[in-house]
Amino acid sequence: MPTSSLNPHLPFGENKLADWYGKDIISVKQFGRDDLEYIFGVAHEMRGMVERVGTFDLLKGKILANLFYEPSTRTSSSFTAAMERLGGSVIPINEVKYSSVSKGESLPDTVRTLECYADVIVLRHPETGSAAIAAKAARKPVINAGDGIGEHPTQALLDTFTIFEELGAGQVDGMTVTMLGDLKYGRTVHSLARLLSLFKVKINYVSPDILKMPKEVMDEVAAKGIPQAEFGSLEKVLPETDVLYVTRVQKERFEDPAEYEKVKGAYVIDPAIMKAAKKDMIVMHPLPRVGEISVDFDEDPRAAYFRQMEYGLYVRMALLAMVLGKA
Ligand code: CP
């Protein structure tokens, strides 16, 4: 049994479970490589259990409050499916206008209300920092499901798990990851760049000038000794890329619609462009897409974005089990 670097007297898993029991998940900055090893080990087990038995009773009697102030298909439904596959149940608040939020209830009071009925709260909110505010108000664990243009830590975890499962855990060190599209407003890439800086990767950023990766994120990644480079076009970096992470230009984040119109179709991945890429690389996307990956590419084995959604179920099952002390 491998032991933990934190306490060599405890088996690795026991120590990690104690580390995460009752904890909030707000930012990828909370995770080290040993945490990822543990989470992905549990997620891998969850995958096996879902494939073998479908649903089981690890979290029987536990309740998740799924509180979404912004639209979601994948994050909301995968957390619901994760809880239900573990035998628990869900209070869904996917349209806050039908809740007391529409009467002016504050986020801290909404969270204090939901924790009276639930054991864990998953929150998506349009303001950066909202998950930390909610976590401060709550006694129960809060999981950040996206806070404005800030972070989307569970997406970065499932993205990294996807890379591990698709390309091999041992292969991450030495990889070249290219992030493409809206890097300014894309919270998924903010979290993923930070999380990948735990590995010896090289990161390329390809975006229009007005949608570059924020300096704050690049400075954090640089502080870990990770080589980074910025480009306006994909052409130069595609042949060396092991993971191409495509993002949507997020219309809803633009104050000036004319600015969105200028950059909305800046990049489109299609079979012709992908001829220049390696045969054993993968293309990822947090989804939804609005044209930046042609449907003509969907049948290519390198198109990992639909498989990526399924990996999200297993990672979210692992996270729920961990914060509820049952992993
Ligand atoms: N990737 C992602 O966060 O998708 P949703 O907005 O559908 O949850």
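Where is Q308 found? Q308 sits in helix 10, where helices (H or I, at least four residues) and strands (E, at least two) are DSSP runs numbered from the N terminus. Before going on, a word about the model: it is predicted, so local features need pLDDT of at least 70 and side-chain atom pairs count only at pLDDT 80 or more, while totals for chains, interfaces and linings use all residues. Residues are numbered from 1 along each chain as its sequence is written, and side-chain values use heavy atoms, with hydrogens and water left out.

**Q308 and its surroundings**

Q308 counts as buried because its relative accessibility is 1%; buried means under 20% relative accessible area, exposed over 50%, and partly exposed in between (1.4 Å probe, protein chains only). Setting aside residues up to four places away in sequence, Q308 touches Q155, L158, D159, T162, Y245, M284, H285 and P286, with contact meaning heavy atoms within 4.5 Å.

**Two domains**

The protein chain splits into domain 1 (12–151 + 310–323) and domain 2 (153–304), with bounds that come from an automatic or database domain assignment. Taken over C-alpha atoms, their centres are 25 Å apart. Domain 1 puts 33 residues into the contact and domain 2 puts in 26 residues.

**The core**

What about the nonpolar side? The largest nonpolar core has 68 residues. Such a core is a set of buried Ala, Val, Leu, Ile, Met, Phe, Trp, Tyr and Cys residues joined through side-chain atoms within 4.5 Å. The residues with the most contacts inside this one are F31, M179, Y205, M213, Y314, M317 and L320. Helix 10 (residues 305–323) is the top contributor, giving 11 residues, and the core takes at least three residues from each of domain 1 and domain 2. As background, nonpolar side chains tend to be buried together in soluble globular proteins.

Leaving out neighbours within four places in sequence, Y205 is in contact with M179, L183, A193, M213, M218, V221, Q228, A229, E230 and F231. Two of these, M179 and M213, are also on the list of residues with the most contacts inside the core.

**The ligand site**

Now for the ligand. Around it are S72, T73, R74, T75, R124, H152, Q155, P286 and L287, each with a heavy atom within 4 Å of it.

| Residue | Protein atom | Distance to a ligand oxygen atom |
|---|---|---|
| S72 | polar side-chain atom | 2.6 Å |
| R74 | backbone N or O atom | 2.9 Å |
| T75 | side-chain N or O atom | 2.6 Å |

On its own the ligand has 260 Å² of accessible area, and the protein covers 91% of that. Accessible areas come from the Shrake-Rupley method with a 1.4 Å probe, and for residues only the protein chains shown count as cover.

L287, one of the residues around the ligand, is in the loop between strand 9 and helix 10. Its phi is near 65°, a positive value in a residue other than glycine. L287 counts as buried because its relative accessible area is 11%. A cis peptide bond joins L287 to P288, with omega about 5°. P288 is in the loop between strand 9 (282–284) and helix 10 as well.

**A few other places to look**

S197 is in the loop between helix 7 (187–196) and strand 6 (202–206). At 5% relative accessibility, S197 is buried, and beyond residues up to four places away in sequence it touches V221, K224 and I226. V221 is also in contact with Y205.

A222 lies in helix 8 (residues 215–223) and is partly exposed at 43% relative accessibility. A222 is 96 residues from A318 in sequence and 30 Å from it in space, C-alpha to C-alpha.

Is E127 buried or exposed? E127 is exposed, at 51% relative accessible area. E127 lies in the loop between strand 3 (120–125) and helix 5 (130–137), and apart from neighbours within four places in sequence it is in contact with D147 and G148.

A138 belongs to the loop between helix 5 and strand 4 (142–147). A138 is buried at 12% relative accessibility and touches V111 and E115, not counting residues up to four places away in sequence.

Key:
A polar contact is a pair of N or O atoms within 3.5 Å; within protein, one must be able to donate a hydrogen and the other to accept it, and residues adjacent in sequence count only if both atoms are side-chain atoms.
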